[in-house]
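Work through the exercises below with the sequence and the 3D structure in view. Each task is followed by a solution in steps.

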Amino acid sequence: MVSLLEFGLRSLLLALSFYGYLQVLSKRIRIEIAVSVLLSAIGAVMFLAGMGNMLQEMTILIFCGGLYLTYRSIRKKESPFVLLSPGICFFFVGSAVLLYCVYGMKFEAYDDFSHWATAAKSLAEYDRFPNASNTDISFTSYPLGSASFIYYITKILGISSEWIQCYTQNILILSLVVSIFAFASGLYALIAAAVVAVFMVVSNVAIVALHVDTLLTVTAVAAFSFCLYYKDELPEKIWYLLPYTVFLISIKNSGILFVVFLYAYIAYRFLKSN
């Protein structure tokens with residue numbers, strides 16, 4: 001069990017690691033979209049690392065890579081204020097509200113005990129994906145994309161309590177929802193985007209559960225938001241869609257349907273442009 005001081009230090013280092021990646025991404029794509037690309041990429045890479053039994057190694061690599069980019073950004077005297085926008089401010093406020101709501105909470109839903117929460121706890125305990133010896137997981141065919149992302153965050157923070165797992169998944173959902181702010185300009189548009197974002201976060205799955213239905217939906221929304229915002233630049237920026245597509249498939253098997261629709265739209269845009 002980590003102390004409060006150690007938890008605070010770990011949280012600061014994790015934030016700095018994220019900051020380094022976002023400074024790089026913000027030079028290439030809009031910051032509201034960059035957040036969702038980054039967190040989807042972490043979830044996707046951690047899932048692939050889990051498939052290769054390299055969860056611990058990849059956690060260290062991703063974390064240290066972000067810290068190095070932060071160090072390089074500081075050396076270059078890059079301003080942190082370039083990362084601020086109405087969408088990012090909404091993300092910070094939403095993160096604080098979610099922390100207040102889930103702190104100290106426990107899982108209640110049956111599906112958490114039969115799979116989602118049990119899988120996340122298994123990764124935290126054994127530092128690997130479950131195998132035949134883990135008989136407490138009911139749905140072994142379900143992919144572990146969301147649990148892989150939770151593993152990354154909880155390993156860096158040093159705690160894997162139920163409330164921190166809930167908070168981690170809600171932060172992931174919030175980061176994906178923030179992508180819709182890329183389309184908002186003007187006060188009324190920002191208010192509308194905020195209302196839609198709140199609705200998408202809380203309307204389907206309880207914030208004290210690890211069910212992935214909302215996560216799957218908002219990942220698809222973020223991916224399509226990227227396509228629509230960069231519809232005239234897709235050939236140059238199509239590689240940024242890869243984290244979304246891998247993460248969609250890793251969240252739930254039905255994510256493949258969203259991937260099919262996504263690339264059907266991309267094919268349509270390519271054919272139209274030619």
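## Exercise 1: Helices H1 and H3

Helix H1 (residues 4-25) packs against helix H3 (residues 55-75) at an angle of about 65°, with the axes 7 Å apart. The angle makes H1 roughly perpendicular to H3, a term for 65 to 115 degrees, while under 35 is roughly parallel, over 145 roughly antiparallel and the rest oblique. Axes are lines fitted to C-alpha atoms, for helices over the stretch in contact, and angles run from 0 to 180 degrees between N-to-C directions. Helices are DSSP runs (H or I, at least four residues), and strands are E runs of at least two, numbered from the N terminus.

The model is predicted: local features need pLDDT of at least 70 and side-chain atom pairs count only at pLDDT 80 or more, while totals for chains, interfaces and linings use all residues. Residues are numbered from 1 along each chain as its sequence is written, and side-chain values use heavy atoms, with hydrogens and water left out.

Task: State which residues of H1 and H3 meet, and sort them by class.

Step 1. Contact means heavy atoms within 4.5 Å. On the H1 side the residues include Leu13, Leu16, Gly20 and Val24, and on the H3 side they include Ile62, Gly66, Leu69 and Arg72.

Step 2. The contact of H1 with H3 has 11 nonpolar, 7 polar and 1 charged residues. Ala, Val, Leu, Ile, Met, Phe, Trp, Tyr, Cys and Pro count as nonpolar, Asp, Glu, Lys and Arg as charged, and the others, Gly among them, as polar.

## Exercise 2: Helices H3 and H6

Task: Describe how H3 and H6 cross and what their contact contains.

Step 1. The axes of H3 and H6 come within 10 Å and cross at roughly 70°, so H3 is roughly perpendicular to H6.

Step 2. Leu55, Gln56, Thr59, Ile62 and Phe63 in H3 meet Tyr151, Tyr152, Lys155 and Ile156 in H6. By class, this contact of H3 with H6 divides into 6 nonpolar, 2 polar and 1 charged.

## Exercise 3: Helices H9 and H12

Task: Decide whether H9 is roughly parallel or roughly perpendicular to H12.

Step 1. Helix H9 (residues 213-229) and helix H12 (residues 255-273) have axes that come within 10 Å and cross at roughly 10°. Therefore H9 is roughly parallel to H12.

Step 2. Residues of H9 that meet H12 include Leu216, Ala223 and Phe224, and those of H12 include Phe258, Leu262 and Ile266. The contact of H9 with H12 has 11 nonpolar, 1 polar and no charged residues.

## Exercise 4: Single residues

Task: Classify Ala223 as buried or exposed, then do likewise for Pro143.

Step 1. Ala223 lies in H9 and is buried, with a relative accessible area of 1%. Buried means under 20% relative accessible area, exposed over 50% and partly exposed in between (1.4 Å probe, protein chains only).

Step 2. Leaving aside neighbours within four places in sequence, Ala223 is in contact with Leu241, Tyr244 and Leu262.

Step 3. Pro143 lies in the loop between helix H5 (110-126) and helix H6 (145-157) and counts as buried at 10% relative accessibility. Pro143 and Lys252 are 109 residues apart in sequence but 5.7 Å apart in space, C-alpha to C-alpha.

## Exercise 5: The chain

Task: How many helices and strands does the chain have, and what percentage of its residues is buried?

Step 1. The chain has 12 helices and 0 strands.

Step 2. Buried residues make up 50% of the 274 residues.
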